[in-house]
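Here is a short briefing for a reader new to this structure. Look over the sequence and the model, then read on by topic.

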Amino acid sequence: MALRIVATRPNPALVTLPWDTPLEEWGDDVVVQLPRGLSRHVVRIVRLGSDVYAVKETREHYAFREYRLLRDLRRLGLPSVEPVGVVAGRIGKNGAEIEPCLVTRHLHFSLPYRSLFSHGLPSENLPSLVDALVALLVRLHLAGFYWGDVSLSNVLFRRSAGAFTAYLVDAETGELHQTLSPGQREYDLDLAVTNIFGELLDLQAGALLDEAVDAQSIAELVRSRYEALWSELTGADEFTTHEIWRIEKRIERLNELGFDIDELDIVTDWDGATVRMQPRVVEAGHHSRQLQGLTGLLVEDNQARRLLNDMAAYAAHLGSGGEDRAVVAHRWLTEIYEPIIALIPSGLRRRLEPAEVFHQVLEHRWYLSERAGRAVPLLDAAASYVEDVLTQRPDEALAAEPPT
Ligand SMILES: Nc1ncnc2c1ncn2[C@@H]1O[C@H](COP(=O)(O)OP(=O)(O)OP(=O)(O)O)[C@@H](O)[C@H]1O
Ligand SMILES: [Mg+2]
């Protein structure tokens with residue numbers, strides 16, 4: 001049997017990995033040594049030149065299934081890890097078959113939930129982790145994806161201006177349908193609550209989370225937050241024709257949540273006295289699309305919101321309210337954003353993503369200004385942030401789970 005590689009954009013160097021050796025035995029020449037939590041499969045993070053991949057050894061059927069599903073999710077614009085390929089037909093040096101591998105691109109600056117807590121995330125942040133997971137679940141459900149294994153360990157978190165964005169990492173049990181029934185969604189929700197409850201208890205048992213946190217009520221939060229977001233994104237509104245402004249208001253509310261309405265259903269009754277409105281298709285990424293259009297920067301939605309707000313403050317400060325937005329955006333990029341990012345020494349670039357550093361610099365300036373009782377200039381705040389805060393942080397470009 002010959003080695004068979006099915007890949008999206010094959011990196012020729014993939015062939016050079018030691019496929020004739022079980023993943024567990026791969027050495028330091030390719031494997032990035034990181035502490036790991038427990039997982040059913042052998043998973044290793046591997047470096048190939050400047051690329052970093054996650055390699056998971058699994059049964060052939062599952063490897064191809066997960067590969068196809070991850071491709072579908074990416075095509076639908078949903079946040080998941082990016083599949084690279086499946087390597088099958090592996091034969092060991094002793095002639096025995098070895099299980100195939102699913103290769104995904106390592107998600108840069110992603111944090112498994114356990115490593116967030118081992119990096120000292122305060123328990124007050126739990127609701128914002130829940131919100132990130134809920135936003136992911138709602139988006140998956142809107143697209144017809146039934147997950148079948150919702151848990152904190154099956155997502156990766158990326159920081160997003162004080163909040164988080166969750167990415168799906170394990171699609172093995174997923175199914176893509178045209179639409180999901182309420183029963184299917186409910187099943188995923190039940191599973192989420194049960195799994196998260198267990199995972200929080202595990203964190204407490206491992207002294208990574210404060211004993212005083214009520215795991216049950218945090219887990220239950222998943223349900224209420226899910227229902228609130230689902231009805232905000234899909235619910236119908238009815239009002240009289242005198243209240244037509246409510247359409248604008250609803251769109252603004254969705255924008256504020258980071259969604260754009262792609263298709264809206266508006267029905268008036270036969271005498272035209274009442275209007276019924278319901279979003280049909282919503283698309284996440286409202287702020288990140290705007291920021292990318294203006295500056296080319298591609299960042300998480302909440303980071304984009306923060307950067308857009310800073311840009312608006314900058315425009316107000318310049319008194320350039322009437323100026324073309326693209327011109328202001330260019331000035332902000334070259335006079336504010338880029339000089340701040342340029343202050344990060346190359347040795348600290350792996351600590352946090354640039355957009356997250358920018359967000360933290362803004363927070364730091366606020367804190368310094370409050371303490372000093374006067375407005376501290378941004379560049380001074382940035383220098384102080386790098387010196388006093390960034391140097392104290394762990395690298396997060398390639399984080400992994402702490403040992404269990
Ligand atoms: N592309 C990736 N980027 C970063 N980390 C990854 C990636 N793929 C996998 N991982 C890490 O490996 C862990 C295990 O991956 P995955 O959940 O697919 O394996 P598993 O063996 O099915 O786990 P489980 O115990 O849930 O069955 C993830 O939680 C994540 O920390
Ligand atoms: Mg998993």
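Of the 19 residues around ligand 1, Arg-40, His-41, Lys-56, Arg-105 and Asp-170 come nearest. Here a residue is near a molecule or strand if one of its heavy atoms lies within 4 Å of it. This is a predicted model, in which local features need pLDDT of at least 70, side-chain atom pairs count only at pLDDT 80 or more, and totals for chains, interfaces and linings use all residues. Residues are numbered from 1 along each chain as its sequence is written, chains are lettered from A and ligands numbered from 1 in the order in which they are written, and side-chain values use heavy atoms, with hydrogens and water left out.

**Ligand 1**

- The shell residues divide into seven nonpolar, seven polar and five charged. Ala, Val, Leu, Ile, Met, Phe, Trp, Tyr, Cys and Pro count as nonpolar, Asp, Glu, Lys and Arg as charged, and the others, Gly among them, as polar.
- A backbone N or O atom of His-41 lies 2.9 Å from an oxygen atom of ligand 1.
- Thr-104 places a polar side-chain atom 2.9 Å from a nitrogen atom of ligand 1.
- Ser-153 has a polar backbone atom 3.1 Å from an oxygen atom of ligand 1.
- Such polar contacts are pairs of N or O atoms within 3.5 Å; within protein, one must be able to donate a hydrogen and the other to accept it, and residues adjacent in sequence count only if both atoms are side-chain atoms.
- On its own, ligand 1 has 630 Å² of accessible area, and the protein covers 88% of that. Accessible areas come from the Shrake-Rupley method with a 1.4 Å probe; for residues, only the protein chains shown count as cover.
- Two or more residues of the shell come from each of β3 (51–57) and β7 (101–105). Helices (H or I, at least four residues) and strands (E, at least two) are DSSP runs, numbered from the N terminus.

**Magnesium ion (ligand 2)**

- The protein donors are Asn-154 (OD1) and Asp-170 (OD), lying 2.2 Å from the ion. Donors are N, O and S atoms within 2.8 Å of the metal (3.2 Å for Na, K and Ca); water is not among the atoms, so sites may look incomplete.
- Asn-154 lies in the loop between β8 (145–146) and β9 (155–160), and Asp-170 in the loop between β10 (163–168) and β11 (175–176), so the pair ties together parts that are 16 residues apart in sequence.
- Asn-154 counts as buried, at 7% relative accessibility. Asp-170 is buried too, at 11%. Buried means under 20% relative accessible area, exposed over 50%, and partly exposed in between (1.4 Å probe, protein chains only).
- The side chain of Asp-170 also reaches the backbone nitrogen of Glu-172, at 3.2 Å.

- Six of the seven residues of β3 are buried, leaving the strand mostly covered.
- Strand β2 (residues 43–48) pairs with β3 in the antiparallel sense over six bridges. Two strands pair if DSSP finds at least two bridges between them.
- Leu-48 stands opposite Asp-51 in β3.
- Two residues sit between the strands in the hairpin of β2 and β3, where Gly-49 takes a positive phi near 60 degrees.
- β3 and β7 run antiparallel and are joined by five bridges. Ala-54 has Thr-104 in β7 as its bridge partner.
- In a regular strand the side chains alternate between the two faces of the sheet.

**Strands β9 and β10**

- β9 and β10 form an antiparallel pair over six bridges. Leu-156 stands opposite Tyr-167 in β10.
- Five of the six residues of β10 are buried, so this strand is largely enclosed by the rest of the structure.
- Ala-161 is found in the loop between β9 and β10. Its phi is positive, about 50 degrees, although Ala-161 is not a glycine.
- Ala-161 is buried, with a relative accessible area of 11%.

**Elsewhere in the chain**

- Ala-207 is not a glycine either, yet has a positive phi of about 60 degrees. Ala-207 is found in the loop between α4 (182–205) and α5 (215–234). At 69% relative accessibility, Ala-207 counts as exposed.
- Ile-340 belongs to helix α9 (residues 325–342). Ile-340 is buried, with a relative accessible area of 3%.
- Ile-340 and Thr-104 are 236 residues apart along the chain, and their C-alpha atoms are separated by 33 Å.
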